[in-house]
Amino acid sequence: MAGLRERLARRIWTPPPPPKPPRDPELVELDRLRDAWKDGPVRDDRINEHLALVLDKSGVPGGRVLEIGGRGHPRHRVFDADRFEYLNLDLAETGPGVIIGDITHCPEIPDASFDVVLSVDVFEHIDRPWLAGEEIVRILKPGGLVYTSTLFSWRYHPCPIDYWRYTPEALAFLMRGTDTIDQGFDATERRRDVRKKAAEDPMPFDALGGWRENVRVFHAGVKPA
């Protein structure tokens, strides 16, 4: 009988697993860095908030706004529709309120046509950004605001082509003819695991995951009145 009880007890009771050894502190820190970006505001919210701040700082009270390559008008909610007319410049028809043109050469847009000219995640894809900068300053009204948000460090992402990365000083140089009111870096997503979605990736990820040096850059300038 005692032997039967022992066999039944072994079937019912399972010894607890041995305690897990403590994790390597370096691995714990890597996990923290990997996930820290999730605690910050998402990219569009960060950019829109910053754009609203520099718009207020610029003193531009209203007028015409041109977003370069802003398909779907992602920045329109920053601009009060009662005070601003919001338009988009793109290479093809992408919806209402779109001017079809190339920012490196857009003679169809007269000088001093816009009170605000902005772009987000566009300048890394422009083949001749120095020409784009000249055109932006040309079409900007005196007293107008130019706002550029692009990449200092990010994974290669052709859309359809990926050309450049920038520093704040490079953007200020491209927008020469404006007075800088703000410039700098946004490292919120610096250690985010960014994995390429294209079918062919020239830089496949390894055991550490995807690209982990994701830093944005921005510049805001006002054209002297």
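**Figure 1. A salt bridge between two buried residues, R46 and E189.** Let's start inside this predicted model, where R46 and E189 are both buried. The two residues form a salt bridge, and their closest N and O atoms lie 3.0 Å apart. This pair links distant parts of the chain: R46 belongs to helix α3 (residues 43-58), E189 sits in the loop between β6 and β7, and 143 residues separate them. E189 also forms a salt bridge with R192, with 2.5 Å between the closest N and O atoms. With a relative accessibility of 5%, E189 counts as buried because the cut-off is under 20%. R192, on the other hand, is partly exposed, with a relative accessible area of 29%.

Figure 2. In total, the structure has 24 salt bridges.

**Figure 3. The largest nonpolar core and its contacts around F123.** This core has 22 residues, and I103, F123 and I136 are those with the most contacts inside it. At least two residues of the core come from each of β1 (63-68), β2 (84-90), β4 (114-120), α4 (129-139), β5 (140-153) and α5 (168-174). Helix α4 gives the most, with three residues. Zoom in on F123 and, setting aside neighbours within four places in sequence, you will find contacts with P129, A132, G133, I136, T148, T150, W164, Y166, L174 and M175. A second, separate core has 18 residues, including L55, V60, V65 and F84. In soluble globular proteins, nonpolar side chains tend to be buried together.

**Figure 4. Strand β7, covered on both faces.** Eight of the eight residues of β7 (residues 215-222) are buried, so the strand is largely enclosed by the rest of the structure. V215, V217, H219 and G221 are buried on one side, while R216, F218, A220 and V222 are buried on the other. Eight bridges join β7 to β5, and the two strands run antiparallel. One point to look for in this pairing is L145, whose bridge partner in β7 is V222. Strand β6 (residues 179-186) also runs antiparallel to β7, joined to it by seven bridges. In that pairing, Q183 stands opposite H219.

Figure 5. How many disulfides does the structure hold? The count is zero. The sulfur of C106 lies 20 Å from the closest cysteine sulfur, that of C159, which is too far for a bond because a disulfide needs the sulfur atoms within 2.5 Å. Are these cysteines buried or exposed? C106 is buried, with a relative accessible area of 0%, whereas C159 is exposed, at 55%.

Key: Residues numbered from 1 in each chain as written. Predicted model: local features only at pLDDT ≥ 70, side-chain atom pairs only at ≥ 80, totals over all residues. Heavy atoms only, no water. Core = buried A, V, L, I, M, F, W, Y, C linked by side-chain atoms within 4.5 Å. Buried < 20%, exposed > 50% of the residue type's maximum accessible area, 1.4 Å probe, protein only. Helix = DSSP H or I, 4+ residues; strand = E, 2+ residues; numbered from the N terminus. Contact = heavy atoms within 4.5 Å. Pairing = 2+ DSSP bridges. Salt bridge = Lys/Arg side-chain N within 4 Å of Asp/Glu carboxyl O.
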